[in-house]
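Good morning, everyone. Please bring up the sequence and the structure, and keep both in view while I talk.

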Amino acid sequence: MDKEFKDRYYELFEQMVSEMTTIPIFDRDRIVRVNEEICKLFRLSKSETRFYRSINHERIDDGEIICDYDNGTSARIAVQRRIFTRSGTVLICSVYQAEEDSLTEEEEEKIDIMLRAMMSFIGRNRLQDALEQLGFYDEFGYPNFRYYNRFMNNLFAASHLYGHTIACYNLRRFSLVNQQLGREMGDIVMRKYYNLIKNTIGEDGCVGRLGGDNYVCVFPNDRTKSVLELFDGIPILYDPEVGNRIRVSACAGIYVIPEKLKIKSPEQLMDKIFPTMTIAKQENHGTILYYDEKMVQMRDHVMHIRSIFPNAMKNREFHAFYQPKVDVTWGTIVGAEALCRWFHDDKIVPPMEFIPVLEQNSDICQLDYYMLETACRDIRRWIDSGKKPVRISTNFSRKNLTNVDFLENILEIINRYEIPHEYIEIELTETTTDAGFRDLKRVVTGLREAGVATSIDDFGMGFSSLNLLQDMPWTVLKIDRSFLPNDEEDLRSKNHVMYGHVVSLARDIGLQCVTEGVETAKQIQLLRKNHCHIAQGYFFDKPLPVEEFEKRLDTGKDDVSRIFEPKNENHEQ
């Protein structure tokens with residue numbers, strides 16, 4: 001190997017090392033050109049690198065192949081080096097020569113040095129790629145919250161947050177898409193919807209996946225209209241062969257970044273949009289909700305309720321108030337509903353201030369069991385003191401349906417207090433999903449077999465009411481106050497007609513019928529006319545503390561003589 005050859009070799013080697021160690025971004029094209037010059041210097045015909053994620057991938061030749069030089073005369077491998085990295089990846093570098101060419105021992109050593117240097121460089125960059133993938137993408141290949149946060153930090157550092165909008169969004173009822181199409185096809189639909197949003201936002205923004213079907217994105221203000229149109233809903237083609245499409249929409253919390261925003265880091269913005277999205281997901285709100293200061297107050301309230309709830313349970317701050325259910329013909333108290341009242345710091349916390357908060361997680365389930373146990377404890381005391389009990393109903397959130405031991409837990413509490421089963425009624429709300437429907441049927445059937453009454457609470461407020469009546473062995477139908485006509489309505493109004501038919505349907509299929517929200521004498525007469533014999537509402541009593549309710553039990557009656565004289569009728573109770 002003459003001096004001119006060696007000088008050229010060292011020159012190219014130095015160029016290669018210099019290009020591979022350029023910080024922070026190397027120029028791959030320049031590295032390829034240096035590699036080409038090296039191949040020509042050593043009379044090589046081809047340079048190839050193979051990268052495998054594991055030995056198993058190497059075994060089936062499932063990897064990435066990079067060929068930086070090939071003059072078309074390759075015939076055999078001249079030098080090959082293989083390394084197995086600590087991370088489990090396999091890297092193979094090979095150079096080829098034509099059949100008639102050969103390398104001297106010294107040339108082979110020089111090539112070996114260059115291959116090892118190149119493998120070190122490639123391994124380092126592959127590790128960087130792996131760390132990027134691991135740190136900034138989830139297991140399904142979606143950019144994650146770290147990816148979004150890095151983008152936001154770059155905007156923040158450059159003082160470019162103003163002029164952007166951020167949104168936290170959730171795919172609406174996507175579990176139903178998975179049920180209808182299957183998980184695999186559901187993943188395809190989710191990916192296509194994500195790509196639509198990503199392409200609409202463009203390179204000036206980004207989308208990160210928070211997990212499941214929750215995402216966060218940031219985009220220039222001039223893209224807002226287009227992004228909101230996608231949130232509102234768009235058909236997604238999931239089976240091109242037959243043209244099948246499904247509509248996908250999203251609930252979103254939106255925050256338009258103001259010009260004079262004072263924050264220490266972009267992470268603080270999540271405190272604005274994530275609670276806003278959570279509220280937007282509730283059925284009684286719009287699907288797209290803009291942040292305002294009330295959201296902060298609501299979030300703080302939610303956090304406060306959740307923080308004091310465990311001690312409130314421990315200190316027995318929750319009490320059962322009983323609202324009588326009254327036979328409207330005889331004025332007899334035939335039952336009562338146990339309603340929760342929270343006494344905290346010598347004040348009553350209104351139910352609407354804590355029940356919706358507890359329903360956001362499993363806390364409501366703890367309270368449901370607590371109220372059943374409170375009712376059982378009171379019934380036990382009434383029996384032991386010689387009082388004649390009436391059937392007490394307690395409410396259970398549909399959140400309980402995910403608990404496989406739900407039925408057994410209810411019966412365990414009732415039996416622990418040795419309560420005759422006819423004195424307990426479990427009120428359950430309607431459910432709108434197939435899985436929830438199956439679980440509900442299992443629980444209702446099990447309670448019926450155990451002799452425990454069940455009732456549909458707020459009948460008519462859900463979407464599957466008739467199926468619930470047809471397929472489940474309920475004991476009681478509670479008609480929601482929204483079905484009860486007010487005193488000013490004409491007898492031919494839709495409410496009058498619908499109310500009469502609902503009561504008739506319940507009676508015809510053998511259900512007891514209770515109407516909620518009864519407040520006037522005319523409504524009492526309406527119940528009598530339609531043969532709904534049990535009323536619950538302020539006309540008789542508001543929910544009563546246990547001591548006052550016990551006084552009602554002592555008499556067993558509520559005075560309805562101010563309305564009409566009782567008639568001798570045969571009816572259900």
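**A walk through the chain**

Let's start with one residue. Aspartate 541 sits in a loop, with strand S20 (534–536) on one side and helix H18 (546–555) on the other. Keep in mind that this is a predicted model. Is aspartate 541 buried or exposed? Its relative accessible area is 8%. The cut-off for buried is under 20%, so aspartate 541 counts as buried.

Now look across the sequence. Aspartate 541 and proline 324 are 217 residues apart along the chain.

Proline 420 lies between helix H13 (406–416) and strand S16 (424–429). Its relative accessibility is 28%. Buried needs under 20%, and exposed needs over 50%. Proline 420 therefore counts as partly exposed.

What about contacts in the whole chain? Take the ones between residues at least 6 apart in sequence. Of these, 67% join residues at least 24 apart.

On to the inside. Of the chain's 573 residues, 47% count as buried. The largest nonpolar core has 81 residues. Which of them touch the most other members? They are Phe318, Tyr322, Leu367, Ile392 and Phe549. Helix H12 (residues 363–384) gives this core its largest share, 11 residues. There is also a second, separate core, with 28 residues. Among them are Tyr169, Tyr215, Leu228 and Leu230. Here is the general background: in soluble globular proteins, nonpolar side chains tend to be buried together.

Now step back to the whole chain. How many helices and strands does it have? The count is 18 helices and 20 strands. The radius of gyration is 36 Å. For 573 residues, the globule rule gives 25 Å. The chain's value is well over that, so the chain is more spread out than a compact globule. Along the principal axes, the C-alpha trace spans about 125 × 55 × 55 Å.

Last, the surface and the charges. The accessible surface of the chain is about 30100 Å². Carbon and sulfur atoms account for 50% of that. As for charge, there are 73 positive and 91 negative side chains. The centres of these two sets lie 2 Å apart.

How values were computed. Residues are numbered from 1 along each chain as its sequence is written. This is a predicted model: local features need pLDDT of at least 70, side-chain atom pairs count only at pLDDT 80 or more; totals for chains, interfaces and linings use all residues. Side-chain values use heavy atoms; hydrogens and water are left out. A nonpolar core is a set of buried Ala, Val, Leu, Ile, Met, Phe, Trp, Tyr and Cys residues joined through side-chain atoms within 4.5 Å. Buried means under 20% relative accessible area, exposed over 50%, partly exposed in between (1.4 Å probe, protein chains only). Helices (H or I, at least four residues) and strands (E, at least two) are DSSP runs, numbered from the N terminus. The radius of gyration is taken over C-alpha atoms; the globule rule is 2.2 Å times the number of residues to the power 0.38. Contact means heavy atoms within 4.5 Å. Accessible areas come from the Shrake-Rupley method with a 1.4 Å probe; for residues, only the protein chains shown count as cover. Lys and Arg count as positive and Asp and Glu as negative; His and the chain ends are not counted. The place of a charge is taken as NZ of Lys, CZ of Arg, CG of Asp or CD of Glu.
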